[in-house]
Amino acid sequence: MRRITRITTVGIASAALALSATACGKSSTDSGASPSSSDAKVTKAAIAYDIGGRGDQSFNDAAYAGLKKAEDELGVKGAEAEPSEGEGDADKVQRLTALARAGNNPVIGVGFAYAPAIEKVAKAYPKTTFGLIDDTSKTGPNIANLVFNEEQGSYLAGVAAAKTSKSGTVGFIGGVEVPLIKKFEAGFAQGVKDTNPKAKVLVQYLTQPPNFDGFSKPDLGKAAAEGQIANGADVIYAAAGLAGSGAIEAAASAGKWAIGVDSDQYNQAGLASYKDHILTSVTKDVSDSVFNVIKSVQDGKPQSGEIRYGLATDGVGLADSNPAYVKMTEVTAAVAKAKQDIIDGKITVKTAP
């Protein structure tokens, strides 16, 4: 069983879960009430978490929110499986196989790292729907590729950062230098430069593949943000999963602005100590993507193929939970205009730097 460094574990113990150990990580099944009919008639759905696991206050927690919504609104019996530190594709295959064999349908892999494993396991369980978040490289008749226009939301973050910055220098921190995270960088940098051509964007990646610690270790994010702040950045945007929590902590400690990612991090309980310095967050509707694929299976019309969530359908966006941000009317107006221009096709956002 892995050990993950977290700023906080608030909320982790709040779910009443019955735990069972597997050879490839920690698994759990919701112990809440299910419908009065027999288990055979109850939809069983499972999610297998990405690096950082549940409690990252970001990507994985957004996926869990979708499963929880399905439990509450659809009477679904949910199961969860955590990754192991340093695991390989064989571990993921074993985890997904165990979830499918247990009768879960759908089985959802949270993150592109599950692509090779889902391709293999989906062929072995053709009657089970597999959700694959953030990847379209592996497809099949029973695979739903749940993907997002991260670059569009990141563009809006770049507009907000450029309008808010007083120093003219902002920072981008990527967890691991992979194509998905380069989309975040590309959109952010374009938004900054389109808003203020003279602005400087500092870019740093925490790790390079095959080392994925940059998604799971807050101390790496904290050190990177401290370095960017020392070099003049007064707004920091981190797309780094759990490691991004460290960047938020560093920005808050220095009295600078942080921009969250994936979830509305202003509202994350584990980041409450820093919320006043979370300007906004680039949100991805991972929660609804999980809920929708579960509902599609329950309705007998399982999703498959590419299912894209973009700015036009609020599949990505910029959160406005921080009252301080809402009061910045010049900033919010610029963001609103940029959003409409993207939707109208007046702005095409790059997907690579």
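**Contacts, sheet and salt bridges**

Reply: Leaving aside neighbours within four places in sequence, I259 is in contact with A157, A161, F188, V235, I236, Y237, A238, T280, S281 and V282. Please note that the model is a predicted one.

Me: Where is I259 placed, and is it buried or exposed?

Reply: I259 belongs to strand β11. Its relative accessibility is 2%, so I259 counts as buried.

Me: Which residue stands opposite I259 in β12?

Reply: That residue is T280. The two strands concerned, β11 (residues 257-262) and β12 (residues 278-284), pair in the parallel sense over five bridges.

Me: How far is I259 from H277?

Reply: The C-alpha atoms of I259 and H277 are 8.5 Å apart in space, and the two residues are 18 apart in sequence.

Me: What is the strand order in the sheet?

Reply: The order is β9-β8-β10-β11-β12-β14, in an open sheet of six strands with mixed pairing. β9 (200-207) and β14 (316-318) stand at the edges with a single partner strand each, so one side of each has no neighbour in the sheet. From one strand to the next, the twist averages 15°.

Me: Which strands does helix α6 touch?

Reply: Helix α6 (residues 218-230) packs on the sheet and touches β8 (169-176), β9 and β10 (235-239). The direction of α6 makes about 155° with that of β9.

Me: Let us zoom out. How many helices and strands are there in the chain?

Reply: The chain has ten helices and 14 strands. Of its 353 residues, 56% count as buried. Among contacts between residues at least 6 apart in sequence, 69% join residues at least 24 apart.

Me: Electrostatics next. How many salt bridges does the structure hold?

Reply: There are 18 salt bridges in the structure. One of the salt bridges joins the side chains of K68 and D72, at 3.0 Å from N to O.

Me: Where do K68 and D72 lie?

Reply: Both are in helix α1 (residues 59-74), and they lie four residues apart, about one turn of the helix. K68 has 31% relative accessibility and therefore counts as partly exposed. D72, at 55%, counts as exposed.

Me: What about K337 and D341, how far apart are they in the helix?

Reply: K337 and D341 are four residues apart in helix α10 (residues 329-343), so about one helical turn separates them. Their side chains meet in a salt bridge of 2.9 Å, N to O. K337 counts as exposed because its relative accessibility is 54%, whereas D341 counts as buried at 11%.

Me: Which residues do salt bridges with shared partners join into one network?

Reply: The network consists of D134, E150, E151, K183 and K284.

Me: And which residue forms a salt bridge with E306?

Reply: The partner of E306 is R308, with 3.0 Å between the closest N and O atoms. R308 counts as partly exposed, because its relative accessibility is 38%.

Me: Returning to α1, what distance does the helix reach from its first C-alpha to its last?

Reply: α1 has 16 residues and reaches 22 Å, close to the 22 Å expected at 1.5 Å a residue. Just after α1, G75 takes a positive phi of about 70°.

Me: Which residues of α1 are buried?

Reply: The buried residues of α1 are F59, N60, D61, A62, A63, Y64, G66, L67, A70, E71 and L74.

Me: One last topic, R95. Which helix does R95 lie in, and is R95 buried or exposed?

Reply: R95 lies in helix α2 (residues 89-101). The relative accessible area of R95 is 2%, under the 20% limit, so R95 is buried.

Me: What does the side chain of R95 reach?

Reply: The side chain of R95 reaches the backbone oxygen of E82 at 3.3 Å.

Technical notes
Residues numbered from 1 in each chain as written. Predicted model: local features only at pLDDT ≥ 70, side-chain atom pairs only at ≥ 80, totals over all residues. Heavy atoms only, no water. Pairing = 2+ DSSP bridges. Axes fitted to C-alpha atoms, helices over the stretch in contact; angles between N-to-C directions. Contact = heavy atoms within 4.5 Å. Salt bridge = Lys/Arg side-chain N within 4 Å of Asp/Glu carboxyl O. Buried < 20%, exposed > 50% of the residue type's maximum accessible area, 1.4 Å probe, protein only. Expected span 1.5 Å × (residues − 1). Polar contact = N/O pair within 3.5 Å; in protein donor to acceptor, adjacent residues only side chain to side chain.
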